[in-house]
Each structure stands twice: as C-alpha cells, then as structure tokens.
Amino acid sequence: MKEKTVIGSTEFVDFGERAQKVPAKIDTGADSSAVWASNISIDKDGVLKFSLFGEGSPYYNGKIFKRTDYSVARVRSSSGHEQIRYRTHFWVKISGRKIKMLMNLSDRSKNEFPVLIGRRSISGKFLVDVSRKNVRRKKPSVTTSLNEEIKLNPYEFYKKYHQKGEEK
C-alpha cells in the first residue's frame, strides 16, 4: 500500500504547463472538486470548450480547451441552490504527487480560491492536516473584521446588526 502524503487545508496545485502554483482549498466537507472555468460552451459537434480561470485571474491565459470526454452533474451549493455543471478530468499535481481528478467547471471568480479539492479526489491518497496551511490568505476573514468592529463600539455594533427595523 502506497504511503499517504500529508497535505494542509490549503495547497498550491499545478495543472502542468497550463497553470502552476494555483492556490487551492482542500475541503473534506465537499464531495467533488471544482476549478474556475470561463467561456464554457458546447459546439455543434458536441465538443466541450472552455478556458481555465477567467479574465480577472492571474492564472488566465485565454487558451481554449476542447474535451470530448466530459459529463454533467447536478450540484447543490451549501445554500441549497442547484446548478448543472460540466465536469471533466485533469491531471493535477498536489504536494509533488500527480493525480487524475474529475473536476466541475464553475465560476469561482467570487471565491478566494480558484480551485476547490473535495474528498473524492483525495480519498485514499492524502491525509489532511487542518493545522497546515500552505497558501497564505490574501484577505482577512469576515469574523476578524467583525471582531475589530465590535471593539470600536459594542453598542453601535449591536444596533447595526441586531436592531434593524426595531424601535430604538
């Protein structure tokens, strides 16, 4: 049995020549994996076409990928919203190990991480140590900024977030 590599809750991943050192969130609570894709379409011959990432991303190069080996999935977000997403396989290198991974193509432009790696992709191959983070976060968490705000004036904070529409 092959030794399992220990990875953190965030890692850099490589898509070969296409994109390297892309920040990814390792999410053992998510079933499937996803990569930010744009310009997604299917031509008359049934060929799936897309670009990795989007114009606002430093990893975007505009190259159009063509796949005939793809499928679709009905994906439900944590808020309960359902979408149909195309998915295809990629060879991805994580922590020096190259694995074939089925990934949903989705708009992750609003997410901090352009790649999300779910448990199906890493099961049996990696162990996740949540105390390890190999990608530094660019923006502070919402909780951090809320705690800074409440320190300034707890009463005003309470009024702002808990007394909307109530008589004061």
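The structure holds six salt bridges. A salt bridge here is a side-chain nitrogen of Lys or Arg within 4 Å of a carboxyl oxygen of Asp or Glu. The model is predicted: local features need pLDDT of at least 70, side-chain atom pairs count only at pLDDT 80 or more, and totals for chains, interfaces and linings use all residues. Residues are numbered from 1 along each chain as its sequence is written, and side-chain values use heavy atoms, with hydrogens and water left out. Helices (H or I, at least four residues) and strands (E, at least two) are DSSP runs, numbered from the N terminus.

**Salt bridges**

- Side chains of opposite charge can pair when their charged atoms come close.
- Arg120 pairs with Asp31, and their closest N and O atoms are 2.5 Å apart.
- This pair links distant parts of the chain, 89 residues apart: Arg120 sits in helix α1 (residues 119-122), and Asp31 in the loop between β2 and β3.
- Arg120 is exposed, at 52% relative accessible area; the classes are buried (under 20%), exposed (over 50%) and partly exposed (in between), with a 1.4 Å probe and protein chains only.
- Asp31 is partly exposed, at 32%.
- Glu82 and Arg74 form another salt bridge, at 3.6 Å from N to O.
- Glu82 is partly exposed at 34%, whereas Arg74 is exposed at 62%.
- Lys159 and Glu156 also meet in a salt bridge, at 3.2 Å from N to O.
- Lys159 and Glu156 are separated by about one helical turn, because they are three residues apart in helix α3 (residues 154-162).
- Both are partly exposed: Lys159 has a relative accessible area of 22%, and Glu156 has 39%.
- Asp31, Arg119 and Arg120 form one network, joined by salt bridges that share partners.

**Nonpolar core**

- The largest nonpolar core has 26 residues, and Phe15 and Val115 have the most contacts inside it.
- Such a core is a set of buried Ala, Val, Leu, Ile, Met, Phe, Trp, Tyr and Cys residues joined through side-chain atoms within 4.5 Å.
- Two or more residues of this core come from each of β1 (5-14), β2 (22-27), β3, β4 (48-52), β7, β8 and β9 (115-118).
- β8 gives the most to this core, with four residues.
- Beyond its neighbours within four places in sequence, Phe15 is in contact with Val22, Val35, Leu52, Phe53, Phe90, Trp91, Val92, Met103 and Val115; contact means heavy atoms within 4.5 Å.

**Largest pocket**

- Rolling a probe the size of a water molecule over the atoms shows where empty space is left.
- The largest pocket holds about 610 Å³ of space.
- A pocket, on a 1 Å grid over the protein atoms alone, is an open set of points where a 1.4 Å probe fits, with protein on both sides within 12 Å along at least five of seven lines.
- Grid points are joined across faces, edges and corners, and the volume is the space filled by probe spheres set on the points.
- The lining has 29 residues, and Val75, Arg76, Ser77, Arg85 and Asn104 lie nearest the pocket's centre; a lining residue has an atom within 4 Å of a point.
- β3 (33-42), β6 (71-76), β7 (82-94) and β8 (97-106) are the elements that give two or more residues to this lining.
- The largest share, five residues, comes from β7.
- By type, the lining divides into 10 nonpolar, 10 polar and nine charged residues.
- Ala, Val, Leu, Ile, Met, Phe, Trp, Tyr, Cys and Pro count as nonpolar, Asp, Glu, Lys and Arg as charged, and the others, Gly among them, as polar.

**Loop residues**

- Most residues other than glycine have a negative phi.
- Lys21 is not a glycine, yet its phi is positive, at about 55 degrees.
- Lys21 lies in the loop between β1 and β2 and is exposed, at 52% relative accessibility.
- Ser95 also has a positive phi, near 50 degrees.
- Ser95 is in the loop between β7 and β8 and is partly exposed, at 38%.
- Asn134 is in the loop between β10 (126-133) and α2 (142-152), and is partly exposed at 35%.
- Asn134 touches Gly8, Thr10, Glu11 and Phe12, not counting residues up to four places away in sequence.
- Asn134 and Pro23 are 111 residues apart in sequence and 8.9 Å apart in space, C-alpha to C-alpha.
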